[in-house]
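Below are my notes on the model you sent, as numbered points.

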Amino acid sequence: CVYCYARNSHEYWGYSAGLDFERRILIKKNAPQLLEEKLKSKSWQAHTIVLSGNTDCYQPAERRYQITRQCLEVFLKYKHPVGIITKNALVLRDLDLLRQLAQEQLVSVHVSVTSLSEKTRMLLEPRTTTIQKRLETIRVLSENGIPVNAMLAPIIPGINSHEILPMAKAVSKAGALSMAHTVVR
């Protein structure tokens, strides 16, 4: 996304926050193993771990590497709470694991919705899941008993701020339990 705050983290690794951020995807292939080691640690005190705190865990590379899916398997194995933030319908691939985690009250999914306008979405979030697909994702998650919340973010005055109430109505109708928003200043 053009507004992504995670761009700066790429500079930490010696890449540019511009084109490198869009072209060089950093992958931690051993993340599931590292997660399991952490959860098995005697000093670990369980609290919800959120996937996608920096970038979307369901970006296109996930199709190939399935790191998020493997991490969800670890969370399920250890009955550990997990939150997911995404704007990608690929989350539905893991519906089987999400259902099991939801039965244990261990998961919540937060779907980002930036606009109801495809023109605005394509401008702000090129190469991301369409708005209709995101609303459908909320609906499917909700129908499968997975707590799903909507993140109306970012709200950018003059670009999508006029859409807050229509977006709230759309995500509610789709089955979101709650919503939150973030304003870019």
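1. Glutamate 62 has a relative accessibility of 5%, so it counts as buried, the cut-off being under 20%. This is a predicted model, and the values here are computed from it. The salt-bridge partner of glutamate 62 is arginine 93, with the closest N and O atoms 2.7 Å apart. Arginine 93 has a relative accessible area of 27% and is partly exposed.

2. Which parts of the chain does this pair link? Glutamate 62 belongs to helix H4, while arginine 93 sits in the loop between S2 and H6, and 31 residues separate them. The two are also members of a salt-bridge network that includes Arg69, Glu73, Asp94 and Asp96.

3. The count of salt bridges is 12. One of them joins glutamate 118 to arginine 121, again with closest N and O atoms 2.7 Å apart. Both residues lie in helix H7 (residues 118-124), 3 residues apart, about one turn of the helix. In an α-helix, residues three or four places apart point the same way because there are 3.6 residues a turn. Arginine 121 is buried at 5% relative accessible area, whereas glutamate 118 is partly exposed at 28%.

4. Arginine 134 and glutamate 125 form a further salt bridge, the closest N and O atoms being 2.7 Å apart. Here both residues are buried.

5. Helix H5 is mostly covered, with 8 of its 11 residues buried. Among the buried residues are Arg69, Leu72 and Phe75; Arg69 also takes part in the network of point 2. The cover over the buried residues of H5 includes H3, S1, H4, S2 and H6. After H5 comes lysine 79, which has a positive phi, near 50°.

6. The largest nonpolar core has 42 residues, and those touching the most other members are Leu72, Phe75, Leu98, Ile138 and Leu141. H5 gives the largest share, 6 residues. Other elements that supply two or more residues include helix H6 (95-103), strand S3 (107-113) and strand S4 (148-155). Leaving aside residues up to four places away in sequence, leucine 72 touches Leu51, Tyr58, Val82, Ile84, Asp94, Leu97, Leu98 and Leu101.

7. The sheet is open and has 5 strands in the order S1-S2-S3-S4-S5, with parallel pairing. Strands S1 (49-51) and S5 (178-183) are at the edges with a single partner strand each, so one side of each has no neighbour in the sheet. On average, neighbouring strands are turned by 20° against each other, direction ignored. S3 and S4 pair over 5 bridges, and valine 111 stands opposite alanine 150 in S4.

8. H9 touches S3, S4 and S5, with its direction at about 160° to that of S4.

9. H9 (residues 164-174) also meets helix H8 (residues 131-143): their axes come within 8 Å and cross at roughly 35°. On the H8 side the contact is made by Leu135, Ile138, Arg139 and Ser142, and on the H9 side by Ala170, Val171 and Ala174. These residues divide into 5 nonpolar, 1 polar and 1 charged. Ile138 of this contact is also one of the core residues listed in point 6.

Conventions:
Residues numbered from 1 in each chain as written. Predicted model: local features only at pLDDT ≥ 70, side-chain atom pairs only at ≥ 80, totals over all residues. Heavy atoms only, no water. Axes fitted to C-alpha atoms, helices over the stretch in contact; angles between N-to-C directions. Helix = DSSP H or I, 4+ residues; strand = E, 2+ residues; numbered from the N terminus. Contact = heavy atoms within 4.5 Å. Nonpolar A, V, L, I, M, F, W, Y, C, P; charged D, E, K, R; others polar. Core = buried A, V, L, I, M, F, W, Y, C linked by side-chain atoms within 4.5 Å. Buried < 20%, exposed > 50% of the residue type's maximum accessible area, 1.4 Å probe, protein only. Pairing = 2+ DSSP bridges. Salt bridge = Lys/Arg side-chain N within 4 Å of Asp/Glu carboxyl O.
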